[in-house]
Amino acid sequence: MPAPLAALATLAFCAFLAIYPALALAVAHFAAPTSLLRAALALPAAWSLSEWLRATLLSGFPWLASGYAHTDGPLAGFAPVVGVHGVTLAAALLAGALAALSLPFALRGLRGYAWAAFVVTVALAGGRLLGQLHWTEPAGPAISVKLVQANIPQDQKFTAEGLVRAFDAHWALMQGPRADLVALPESVFPVPFDLVPREALDAFTGYMEERHSALIFGVFIEEPGDAFFNSAVGRAPDGTKWQRYSKQQLVPFGEFIPWGFRWFVDLMRMPIGDQRRGGADQMPMELAGQRIAVNICYEDLFGDVIRRAWNDVTRQPTMMLNLSNLAWFDDSIALPQHLQISRMRALETQHPMLRATNTGATAVVDHRGEVSARLPFRTAAALDARVQGMTGMTPFLQFGDSPAVWAALVVLLLAAVAGRTTSLRSVLK
């Protein structure tokens, strides 16, 4: 984009996102008339609700919700029960209790100490205890996987030589030890599937048959009427056709054009910038003896989208696979942040998450949210590892974000009522 317009777009985006914390502060101010109620109840509840709204309104942008800071630590135990927004609420209530202790004694009183002690105990001890629970169990033997990271610069992916380089770079890295499942990143080929060279697909087919390996890779799919889908296709070595998954949660301005903004997207000159959403009822791919719930790029920020793969009780996934291309972000902090987000999805579902990316983070995250294997950022390599599939349902998979949202609403209502009722106000005085 032209630099002045890019600066204005960035300013507008930041100003829009600033609405959410501003809304949280305003709601807390009007809901709670006292400093203690505001710090201990109203602001934690309003903050967690604002984070949930940021994740849902206008297609949502939940990048760096506060709960992601707790993928390590005692609060991670809440993730399989109430999800990342429940972790946000627990962290906010803990912070509110500590903030209440900083108030003058006349505003806090002895009950303020008691409240802080209660919240700290429940948050830390409760999180630890919940973290010991096992909601899932192993499903069959572990499988070997090969996750390919070709490290192709973004400015070279969509050039005239992009097709040749895409095949050559990934093909070279696919060699070496055999794996039950080989996964290549998002949009390996910068064209629709029907335009991928027949020689490349024939080579992939021979590779699968010779090694008896399943293969999955990211590619665009075009349907009649200029309908483009950011997709992944997978095939078993003895399969007769490619299985397909198409991305459901698209990036505004990058993958779909909001009404009235085509001129803006045209200025960005992004290839295939107006795409269609995949259906919400897509089934996991059945590859390498596993049922694999595929998600593409920043789609794994949306826990409620991820959990749709568990809707059919007869074909529930045993593991997840994220295909990403973060070359857009060079070597920025976005790469480790995205890995942390994938760890939260593994914590919420207690199923492993595989990540096959162009520049990083290519990794294996186990069902407890721990990174068991990872490639360095921005290096061309293949990650060979073993992963154990899991079966079972966590409370989050069954109920999603609803318990966390209702809990935050109850806390906010309690703050509002307590501030206006003498008997309740005396409890937190």
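A crossing of two helices is called right-handed if the near helix is turned clockwise from the far one by less than a right angle. That is the case for helix 2 and helix 3 in this predicted model, whose crossing is right-handed. Packed helices in general are described by the angle between their axes and the distance between the axes. Here the axes of helix 2 and helix 3 (residues 79-101) come within 8 Å and cross at roughly 155 degrees. Angles over 145 degrees count as roughly antiparallel, and helix 2 and helix 3 are therefore roughly antiparallel to each other.

The contact between this pair involves quite a list of side chains. From helix 2 come Leu36, Ala39, Ala40, Pro44, Ala45, Trp47, Ser48, Glu51, Trp52 and Ala55, and on the helix 3 side they meet His85, Thr88, Leu89, Ala92, Leu93, Gly96, Ala99 and Ala100. With a relative accessibility of 1%, Thr88 counts as buried, since the cut-off for that is under 20%. Neighbours within four places in sequence aside, Thr88 touches Trp47, Ser48, Glu51, Ser66 and Gly67. Leu101 lies 13 residues away from Thr88 in sequence, and their C-alpha atoms are 20 Å apart.

Helix 1 comes next. Its 29 residues (residues 3-31) should span 42 Å at 1.5 Å a residue, and the C-alpha atoms at its ends are 43 Å apart, which agrees. Buried positions in helix 1 are Leu17, Tyr20, Ala24, Ala28 and Ala31. Because an α-helix has 3.6 residues a turn, residues three or four places apart point the same way. The cover over the buried residues of helix 1 includes helix 2 (35-56) and helix 12 (402-418). As for helix 4 (residues 105-131), one of its residues is Ala114. Ala114 is partly exposed, with a relative accessible area of 47%. From the C-alpha of Ala114 to that of Ala97, 17 residues away along the chain, the separation is 9.7 Å.

In soluble globular proteins, nonpolar side chains tend to be buried together. The largest nonpolar core in this model has 29 residues, and Val145, Leu181, Ile216, Leu354 and Val364 are the ones with the most contacts inside it. At least two residues of this core come from each of strand 2 (143-149), strand 3 (181-183), strand 5 (214-223), strand 8 (285-287), strand 9 (290-296), strand 10 (319-324), strand 11 (353-357) and strand 14 (381-387). Ile216 shows what such a position looks like: leaving aside neighbours within four places in sequence, Ile216 is in contact with Leu181, Val182, Ala183, Leu184, Ala232, Val233, Gly234, Met285, Leu287, Val294 and Leu321.

Most residues other than glycine have a negative phi, and most peptide bonds are trans. Asn151 has a positive phi, near 55 degrees, without being a glycine. Asn151 belongs to the loop between strand 2 and helix 5 (154-157), and with a relative accessible area of 23% it is partly exposed. His212, also not a glycine, has a positive phi of about 55 degrees; the loop holding His212 runs between helix 7 (198-211) and strand 5. The peptide bond from Gly360 to Ala361 is cis, its omega being near 0 degrees. Ala361 is located in the loop between strand 11 and strand 12 (363-365).

Key:
Residues are numbered from 1 along each chain as its sequence is written. This is a predicted model: local features need pLDDT of at least 70, side-chain atom pairs count only at pLDDT 80 or more; totals for chains, interfaces and linings use all residues. Side-chain values use heavy atoms; hydrogens and water are left out. A nonpolar core is a set of buried Ala, Val, Leu, Ile, Met, Phe, Trp, Tyr and Cys residues joined through side-chain atoms within 4.5 Å. Buried means under 20% relative accessible area, exposed over 50%, partly exposed in between (1.4 Å probe, protein chains only). Helices (H or I, at least four residues) and strands (E, at least two) are DSSP runs, numbered from the N terminus. Contact means heavy atoms within 4.5 Å. The expected span of a helix is 1.5 Å times one less than its number of residues. Axes are lines fitted to C-alpha atoms, for helices over the stretch in contact, and angles run from 0 to 180 degrees between N-to-C directions. Angles under 35 degrees count as roughly parallel, over 145 as roughly antiparallel, 65 to 115 as roughly perpendicular and the rest as oblique.
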